[in-house]
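This report covers a ligand shell, a helix and a set of paired strands, in that order.

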Amino acid sequence: MDCHDCHQSCHPKRQNIGWKIFNFGFKKKRPKNSSSTGRTTIALVGSPNVGKSLLFNLLTGTYVTVSNYPGTTVEVAKGNAVIAGEKVTFFDTPGMYSLMPITEEESVARDLIANEGVDLIIHVIDAKHLGRMLNLTLQLMETQLPVLLVVNMIDEAQKLGIWVNEDRLAHQLGIPVVTMAAAQKVGLKKLIAKVADHVPSNSVSLTY
Ligand SMILES: Nc1nc2c(ncn2[C@@H]2O[C@H](COP(=O)(O)OP(=O)(O)OP(=O)(O)O)[C@@H](O)[C@H]2O)c(=O)[nH]1
Ligand SMILES: [Mg+2]
């Protein structure tokens, strides 16, 4: 089973207004998105009530904008963070069950993924309903965008005797997986480290 990587609060070392800065001592491994010259954009997506907004608030700073998605009455939140020294923008999307939308909320979530230059999708699912929710994971993977799976609410799942093997799931899906109990910040540090893998470095290395 997965062990929680952190039972402590994960405090950013520095914080300025509007930007949450995460530097946990890890180094970015390599620039991944060669097309990204600007800020990395990440969308938090998933079914309703899985913890997207809670996670969004943990990841972003105090300066968060909430506005109606163009042409709709559906609100989308946008916030920023600095991860491993690079600026990252997060979108908190409305709940969606499928990429084939039925509701206006689902249309907005899908359009946002398609139109906002998203570099990474973080799919948040509820560990208690793993089987049902992995369906959307597969649809998101079909977009060809990088997908990181967050299996949230492991605290509640474990009370029901459900244990999720993070490494095995990652191996089976072929994408990074992080188990979390976002309400207790369990797994947050590991999530940020995995997000850092997708943040391209803009720094220039000089050799003399
Ligand atoms: N026990 C537990 N509760 C959690 C966890 N993560 C989120 N919650 C709770 O789940 C509820 C829903 O969380 P939200 O962040 O609003 O969920 P959401 O995915 O944004 O929901 P929608 O915006 O409706 O799509 C809140 O009461 C959270 O406090 C977790 O890891 N464990
Ligand atoms: Mg929400």
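## Ligand shell

Ala, Val, Leu, Ile, Met, Phe, Trp, Tyr, Cys and Pro count as nonpolar, Asp, Glu, Lys and Arg as charged, and the others, Gly among them, as polar. By that division, the shell around ligand 1 has eight nonpolar, six polar and three charged residues. This is a predicted model, in which local features need pLDDT of at least 70 and side-chain atom pairs count only at pLDDT 80 or more, while totals for chains, interfaces and linings use all residues. Residues are numbered from 1 along each chain as its sequence is written, and chains are lettered from A and ligands numbered from 1 in the order in which they are written.

Ligand 1 is surrounded by 17 residues (C-beta atom, placed from the backbone, within 6 Å of it), and the closest are Gly-51, Lys-52, Ser-53, Leu-54 and Gly-95. Helix H1 (52-59) and helix H4 (154-159) each supply at least two shell residues; H1 gives the largest share, three. Helices (H or I, at least four residues) and strands (E, at least two) are DSSP runs, numbered from the N terminus.

## Helix H3

Met-133, Thr-137 and Leu-140 of H3 are buried (20 or more other C-beta atoms within 10 Å of their own; exposed means 12 or fewer, partly exposed in between; C-beta atoms placed from the backbone). The face turned away from that side carries the exposed residues Gly-131, Arg-132, Asn-135 and Leu-138.

## Paired strands

Strands pair if DSSP finds at least two bridges between them. Strand E6 (residues 86-92) runs parallel to E3, with five bridges, and antiparallel to strand E5 (residues 75-83), with seven. Phe-91 in E6 is the bridge partner of Ala-43, and Asp-92 in E6 stands opposite Ala-77.
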